Amino acid sequence: MFGWSAQEALGQSLDLIIPERMRKAHWDGFDQAVARGGVKPGRAAMMTRSLHKAKESIYVEMSFSMVSDATGALIGSLAVAREATVRFTEEKALRKQLAELTAQK
C-alpha cells in the first residue's frame with residue numbers, strides 16, 4: 001500500500017510514511033497515548049494523509065491501539081491502515097455537491 005518492500009521498511013522510522021508537515025502532530029499524539037497507556041476510549045478509525053514511496057500523498061483509514069502484557073505493562077503499539085484515497089475523493093466530491101445543492105435552496 002505504501003510502496004515500500006518489507007526489506008526496505010524494516011528498521012526504518014515510521015516517518016517513512018508520515019508527511020513531513022504532519023510528523024510533529026503524529027509523534028505528539030503517540031507520546032500522549034503512551035503516557036495515558038492507551039488511546040482515548042471510543043476512538044474510532046480516522047482518515048489521514050500518508051506518504052507513498054513515490055512521494056505521492058495518499059489517504060488511509062488508520063486504527064491505532066496500544067498493546068499491554070498480562071500485567072498491564074505497555075509492550076508496544078499496533079496500527080492497521082486501509083488505503084482509502086478513492087473513497088475519500090468520492091466522499092469529498094459528494095460533500096461538495098451536497099453543499100452546492102443546499103446553497104441553491
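1. Let's start with W27: in this predicted model, W27 is partly exposed, with a relative accessible area of 29%. F30 is partly exposed too, at 22%. (Buried means under 20% relative accessible area, exposed over 50% and partly exposed in between, with a 1.4 Å probe and protein chains only.)

2. W27 and F30 both belong to helix α2, residues 23-36, and sit three residues apart, about one turn of the helix. (Helices, H or I of at least four residues, and strands, E of at least two, are DSSP runs numbered from the N terminus.)

3. The structure holds three aromatic pairs. One of them joins W27 and F30 edge-to-face, at 5.6 Å centre to centre and 80° between the planes. (Rings of Phe, Tyr and Trp, the last by its six-membered ring, pair if their centres lie within 6.5 Å; planes under 30 degrees apart count as stacked, over 60 as edge-to-face and the rest as tilted.) W27, F30 and F64 form one aromatic cluster.

4. Now look at Y59 and F88, a stacked pair with 3.7 Å centre to centre and 15° between the planes. Y59 lies in strand β2 (residues 57-68) and F88 in helix α3 (residues 85-103), so this pair ties together parts that are 29 residues apart in sequence. Both Y59 and F88 are buried.

5. What lies over the face of F88? R95 does, at 5.9 Å from the ring centre. (A charge sits over a ring if NZ of Lys or CZ of Arg is within 6 Å of the ring centre and within 35 degrees of the ring normal.)

6. A reading note: residues are numbered from 1 along each chain as its sequence is written, and side-chain values use heavy atoms, leaving out hydrogens and water. In this predicted model, local features need pLDDT of at least 70 and side-chain atom pairs count only at pLDDT 80 or more, while totals for chains, interfaces and linings use all residues.
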